Amino acid sequence: MGTRMLRSNILQPPTLYESFMAPRYEAVEELTINDEMFLGIRKTLRNFLDVEKLLTKLITIPVISAISQAENQINQVLMIKSFLEAAKELHVAMGPAIAPLLVKIRELCSLEKIAEMLQKITTVLESDVAYTKSALDLRNQRTFAVRSGISGVLDVSRQAYKELTEEIHSYVEQLNEKFGIIATLKFDNGRKYFLKLSIGDYNSVDPPGLLINVAKKRGSIECQTLDLVKLNMRLSDTSNEVVFRSDAIIEQLITALQADASHLFKMCESVGLMDMLASFTQLKQHCFHIVTGFNMGGKSTYIRAIALLQIMAQIGCFVPAEYASFSVVHNIFTRISLNDNIEAGLSSFSVEMRDMAFILRNVDQQSMVIIDELGRGTSTRDGLAIAMAMAEALIQSKAFVWFATHFLDLARALANRPGVLNLHLATDCSISEAGVPHITMLYKTERGPESDEQNYGINLAKAMGLPEIMIRKAEEFVRASRLRKEANRQNPEAQKLQRRRQLILGLHEALKQARVDGAEDALPGYLKQLQHEFVTQMAAIEDGG
């Protein structure tokens, strides 16, 4: 119902602000602020069945009577009963609501009106029956839906149904005991009751022709016996008789409920609207965290502590926090250390790529991933490109990721992606009267990426006592670099020149690598591919793409 409501609103958005848009804003704002009410509403919405479509069928009773139609009518009444019970829970969950639209929805799901309709239903149906999706459970619910004592003939038919069901279970127990097997009784709408047993048990049954209608499944056999088929036929006849006798009583109940059809339609519309508003309130959870910050600011300690707290919470231990909320994860992957593996002949960057390849092959949305300074084992350009590509892959995996990096371009590029949160470890940098910087690590996270305007690295170098001439040269280089960037942003031709330079430098690096590491048989094809990519990218630069 909520899906149809959302689709209808997307196709025909409301145009009246005061009547439609403003009340919705107020409702969403209240749901966002009142977490307890919001969570209670979300919990009750899961219990609603889609009864909006069947209300039309409720109004028109079919002329032609058939067993399938009789079963459907009983199913419909059971669904309405479950819907009303869920609406009662929704009314209670919306108790604290004060926004006018929420109050109106609560009033349409008033306990008095719900009790009035439920009274009509529970006068005819047992109070504990409910709609269920399991084929066998639903048949049993239909069979025993009508209260005992309303029809003596119906009660006799149901007793026969109960005895036949017990006879089938007893028959299977005797079969297991006779042949020394473990056959379990299963049910579906087509075959009715059937047997499921292992392949070994199936092969040991004697005589061989006892089992019929055999269907082989993975690791098991599904089959029947002639006696079980006969019992199924008797039970089906009895079940049909029960349904027909129940249907005559159910039709009277449907006639009584038709007077409430208009209010039921309004309730369905209200529940659909509530579902849509709740979906608007469901804020996107941040699952990918980019952590930037000053050297020695605590990035690595922070993300490692996250993994340790996750383990503590998941083994049942309190964590050192006033409040904490954890999702259950099945795997924790880390890429933290940056050491060569001399024994395996791998550089630090090779080890890093090997570990990341393992993580990307095995990560899923039930994983936590801790990444510290990915890509720093190679050139800045390649390291940033690799970090960007792997960050994209981890975002798509929907895993819970903490990604510490010094690549501010990475933080800026992913800042607007859904589910991505930028954090930085705060630092207070002040300059003394003598011009000496004083750096204080605050050891707390703040939203947003680290600022590149404060020259933390240069200030740290000053604090460590590096020669003044080196500091001045570094500051001049930073200023010149920023001026070039600013000029490039303002000058399209300069931007083109910079992109051409980068493309040529990239080609130069690729050719050097091909000369050193390229295999002779693969080299011609690789060079042809490089040529094609270079020409295509250069043409795109010239065209302004």
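Angles under 35 degrees count as roughly parallel, over 145 as roughly antiparallel, 65 to 115 as roughly perpendicular and the rest as oblique. The model is predicted, with local features requiring pLDDT of at least 70 and side-chain atom pairs counted only at pLDDT 80 or more, whereas totals for chains, interfaces and linings use all residues. Residues are numbered from 1 along each chain as its sequence is written, and side-chain values use heavy atoms, with hydrogens and water left out.

**View 1. Crossing of helices α6 and α12.** The axes of α6 and α12 cross at roughly 140° and come within 9 Å (axes are lines fitted to C-alpha atoms, for helices over the stretch in contact, and angles run from 0 to 180 degrees between N-to-C directions). The two helices, α6 and α12, are therefore oblique to each other. From α6, the residues L101, L102, I105 and L108 make the contact with H263, K266, M267, S270, L273, M274 and L277 of α12 (contact means heavy atoms within 4.5 Å).

**View 2. The buried face of helix α3.** In α3 (residues 35-45), the buried residues are M37, F38, I41, T44 and L45, while E36, L39 and K43 are exposed on the face turned away from that buried side (buried means under 20% relative accessible area, exposed over 50%, partly exposed in between, with a 1.4 Å probe and protein chains only). Seen down the axis of α3, its buried residues fall within an arc of 130°, so they line one face of the helix. These buried residues pack against α2 (17-33), α5 (67-93), α6 (100-108) and α12 (261-281).

Technical notes
Helices (H or I, at least four residues) and strands (E, at least two) are DSSP runs, numbered from the N terminus. The arc is that of the directions from the helix axis to the C-beta atoms.
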